[in-house]
Amino acid sequence: QAPTTPLPDYASWKKPEAMIVHTELTLETRRPFIGTSSVVPSNILFVRNNLEPPDSAIVADADAWEVAFEGVAQPRTMTVRELKQLGIATVPTVLQCSGNGRGLFDHEASGSPWLTGAAGCVVWSGVPLRAVVDALGGVAEGARFVTNTGGEVIPEGIDANEVLVERSVPIENVDTIILAWEMNGEPVPLAHGGPLRVIVPGYYGVNNVKYVKRIAFTEAESEADIQQTGYRVRPVGESGAPDQPSMWQMKVKSWVTHPVVETPSGPIQIHGVAFGGINPVQRVEVSTDDGQSWQEAQLLDPDLGRYAWRSFVLPVELPSGTYSITSRATDSEGNVQEQTTEPNHRGYDYSGWDRLAVEVTVL
Ligand code: MSS
C-alpha cells in the first residue's frame, strides 16, 4: 500500500512503502517488511518522538556534541570526541516502543495505534557507561537511578517537566548501558537520536533517550511527567502515578511476519521474530489453528545475544483455506509469551499470541 501521509523531512530517507505514517512523529514498519536476518535495516526502522526533534545541525558535527555527567565523583561535561577515547562495545538490542501493539486492544487508548511495527532489532556501538563512570571517579554515594535527559529544545512558556524527555532506570543498568554513536554500521542519524543515544538493553524504547545531553546518577527518579505519571501501567480509566509499574524491562514476545495475508498452497515457510527482553529466547512454537495445537519452530542464525531478537521458521504444507497463524515464545527462564494481554489504560505492549495472530488465506 502507498503511504497515506508523506514522510516528515527528518525521516525522508526512510523507504516509503515500508512505513505506516501515523503522525509526523510516529512512523511504523509494515509487518511483512521484517526479514529473517535479525538486524532491521535503518531505512525501515520505526520512529517515535514525543517532541519535535532538534535541528539537524547537531549531527553535522557529531563529535562536538556535549554531555554533562552528574552524580559522579568528578562531575564534568564531555564531548563525543572524548567519549570515543574511553572504550567501545557493540550490542544488538530490540528497540520496542512501550505502545507497540496498542492498536490490538479494544479500548481506544490515546497514542498511535501501533500494530507490530514499533519494534526492530538494531546493532549499536558506543562507549560502555561503566567506562565513563570509572574515568570520572565512580558513582556518588546514595545514587539509585541513572537519569538521562534528551536534548530537545523545550518550547518557551511551558513547565519543562510537562514535556521534557528525561527517564530514570535502576542503577544496576550502569553495567549494560552504552552511549551509542553508531547504529547498524553508520553514525546514529538524527531520527534515531544522533549524535549520541543512551541504550538500555532489554528496556522499552522510551528509556533509550535520544540526543542525550545529561546523564545523572540520582537518588530519586526524574521529576519529569514522562517518568512520574507517564509510562505507568494501570487499569483502564485510572490516572498515572509513581507507585505503578514503570515501562522498564520488556516481556517475552514473538510474532509471525510471513505469510500475513495470502499465499499459494503447497510448502510454506512461516517465519517471524522472537525476543525475551532481558533474557535470551529459548524456543518458539507456531500454531496454524488458532492456538489449538503447536509445532516447534527452528531458531535461525545468527544468534546476536540475549538482547537481540531471533528469527524463527516453521516449514508447513497447507491445503487451500483460511488459517489463523500465530507464534508463542519462551525465554531462558521459562517465561512463556502470554495468550492475551490484560487491557491497561495507555495500551502498553500488547504481547498476547491471540491477537498477534494473522488471518491467512492459502490460495
Ligand atoms: N528520546 C528523546 N530525546 N525524545 C523522545 O521523544 N522517545 C522515546 C525514545 N527516546 C524519545 C526518546 C520513545 S517513546 C521511543 S519508543 C524511542 O525513543 C523510539 O526510538 P526510535 O529510534 O525508533 O525513534 Mo515509546 O516507549
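Q: How many bridges join β1 to β2?
A: In this predicted model, local features are used at pLDDT of at least 70 and side-chain atom pairs at 80 or more, while totals for chains, interfaces and linings use all residues. Residues count from 1 along each chain as its sequence is written, and side-chain values use heavy atoms, leaving out hydrogens and water. Strands are DSSP runs of E with at least two residues, helices are runs of H or I with at least four, and both are numbered from the N terminus; two strands pair if DSSP finds at least two bridges between them. Strand β1 and strand β2 (residues 26–29) run antiparallel, and the bridges that join them number four.

Q: Which residue of β2 stands opposite V21?
A: A hairpin of two residues leads from β1 to β2. Across this pair T23 faces T26. For V21, the residue opposite in β2 is L27.

Q: Which strands are the edge strands of the open sheet?
A: The sheet has three strands in the order β1-β2-β3, with antiparallel pairing. An edge strand here pairs on one side only, and that describes β1 (19–23) and β3 (47–48).

Q: What are the bounds of domain 1 and domain 2?
A: Domain bounds come from an automatic or database domain assignment. The C-alpha centres of domain 1 and domain 2 are 27 Å apart. The assignment gives 9–228 for domain 1 and 253–362 for domain 2.

Q: How much area is buried between domain 1 and domain 2?
A: Start with the contact (heavy atoms within 4.5 Å): domain 1 gives 34 residues and domain 2 gives 31. Buried area is the accessible area, with a 1.4 Å probe, that two parts lose on being put together, summed over both. Carbon and sulfur atoms give 59% of the area here, and the total is about 2700 Å².

Q: Which residues meet in a salt bridge at 3.1 Å?
A: A salt bridge needs a side-chain nitrogen of Lys or Arg within 4 Å of a carboxyl oxygen of Asp or Glu. The whole structure has 15 of them, and one crosses the interface of domain 1 and domain 2. The pair with N to O at 3.1 Å is R355 and D106.

Q: Which strand gives the largest share of the side of domain 1 that touches domain 2?
A: Both β6 (89–96) and β7 (119–128) supply at least two residues to that side. With five residues, the largest share comes from β6.

Q: Where do D134 and R130 lie?
A: These two residues form a salt bridge, with their closest N and O atoms 3.5 Å apart. They are four residues apart, about one turn of the helix, and both lie in α3 (residues 129–135).

Q: Which peptide bond is cis with omega near 0°?
A: Most peptide bonds are trans. The cis bond with omega near 0° is the one from D301 to P302.

Q: What is the phi of N184?
A: Most residues other than glycine have a negative phi. N184 lies in the loop between β10 (178–183) and β11. This residue is not glycine, yet its phi is positive, near 50°.
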